[in-house]
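Please read the points with the model on screen.

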Amino acid sequence: DELVRNQSLPYRMTAVQTLDSARQKLKESSWDLVLLDYQLPDGTCFDLLSETKNTPAIIISGVGSEIAVVQAMRMGAYDYIIKVPDGRHLTLLPSIIENVLKRKQAETDLARSEQRYKTIVETVPDIIFQLDIDKNIVFVNSAVRALGYEPSELIGRPIEEFVCLKDEKDLLQLATKRIGER
């Protein structure tokens with residue numbers, strides 16, 4: 001809190017001293033970021049990390065074991081900062097926060113883009129499919145229902161079961177050119 005005030009950082013910060021108060025704050029409002037001290041009077045950051053849900057969390061700790069860092073990252077922490085006695089770790093905090101917020105924004109943008117793409121692919125009347133290296137269907141959109149198939153029925157099956165292909169050129173033409181009327 002002092003760092004934010006002293007450096008006039010563009011953050012609003014709410015500090016709590018216990019896991020219970022942190023849980024209450026997480027329930028009351030949405031947050032852009034959560035800074036968690038590793039050790040609190042009523043538990044550790046691991047007791048709360050899973051409750052931060054879609055809010056990125058940064059762990060700040062005087063305990064620098066690799067096991068703790070790995071556990072935190074596996075549980076979804078975006079970063080893990082080890083406290084040093086002279087407070088140097090605090091000088092890194094603004095850039096770490098900025099990077100975490102940028103990463104979260106990129107993840108949000110990517111999820112929205114994927115949802116738009118999925119909506120387009122699932123609503124076009126054309127059959128869109130993807131094959132693996134062995135020409136097995138790994139994806140097909142719902143337009144395949146017009147041929148009497150459920151998409152899940154085709155996954156993992158060879159394309160040759162559904163389309164007569166003389167050679168690789170036929171497959172290339174099928175995959176890159178529109179077939180049928182508009």
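**Notes on the fold and its contacts**

1. Start with the core. The largest nonpolar core has 17 residues, and L36, Y38 and I59 have the most contacts inside it. A nonpolar core here is a set of buried Ala, Val, Leu, Ile, Met, Phe, Trp, Tyr and Cys residues joined through side-chain atoms within 4.5 Å. Buried means under 20% relative accessible area, exposed over 50%, and partly exposed in between (1.4 Å probe, protein chains only). Two or more residues of this core come from each of α2 (19–28), β1 (34–37), α3 (46–49), β4 and α4 (66–74). A second, separate core has nine residues, among them L33, I60, I96 and V100.

2. Some ground rules. This is a predicted model: local features need pLDDT of at least 70, side-chain atom pairs count only at pLDDT 80 or more, and totals for chains, interfaces and linings use all residues. Residues are numbered from 1 along each chain as its sequence is written, and side-chain values use heavy atoms, with hydrogens and water left out.

3. The overall layout. The chain has seven helices and seven strands. Helices (H or I, at least four residues) and strands (E, at least two) are DSSP runs, numbered from the N terminus. Along the sequence the pattern reads α-α-β-β-β-α-β-α-β-α-β-β-α-α. The chain has 182 residues, and 29% of them count as buried. Contact means heavy atoms within 4.5 Å. Among contacts between residues at least 6 apart in sequence, 32% join residues at least 24 apart.

4. Helix α2 deserves a look. In general, an α-helix has 3.6 residues a turn, so residues three or four places apart point the same way.

5. What does E51 touch, beyond its neighbours within four places in sequence? E51 is in contact with R23 and L26. E51 lies in the loop between α3 and β4 and is partly exposed, at 30% relative accessibility. Its side chain makes a polar contact with the side chain of R23 (2.9 Å). A polar contact is a pair of N or O atoms within 3.5 Å; within protein, one must be able to donate a hydrogen and the other to accept it, and residues adjacent in sequence count only if both atoms are side-chain atoms. E51 and R23 are 28 residues apart in sequence and 7.7 Å apart in space, C-alpha to C-alpha.

6. Now the aromatic pairs. The structure holds two. Rings of Phe, Tyr and Trp (its six-membered ring) pair if their centres lie within 6.5 Å; planes under 30 degrees apart count as stacked, over 60 as edge-to-face and the rest as tilted. Y38 and F46 form an edge-to-face pair, 5.5 Å centre to centre with 90 degrees between the planes. Both Y38 and F46 are buried. Y149 and F162 are also edge-to-face, at 5.2 Å and 85 degrees. Y149 lies in the loop between β7 (137–140) and α6 (151–154), and F162 in the loop between α6 and α7 (168–176), so this pair ties together parts that are 13 residues apart in sequence. Y149 is partly exposed at 28%, and F162 is partly exposed at 24%.

7. Two serines to check. S61 is in strand β4 (residues 57–61) and is buried, with a relative accessible area of 0%. Its side chain makes a polar contact with the side chain of Y80 (3.3 Å). S142 lies in the loop between β7 and α6. It is buried, with a relative accessible area of 16%. The side chain of S142 makes a polar contact with the side chain of E122 (2.9 Å).
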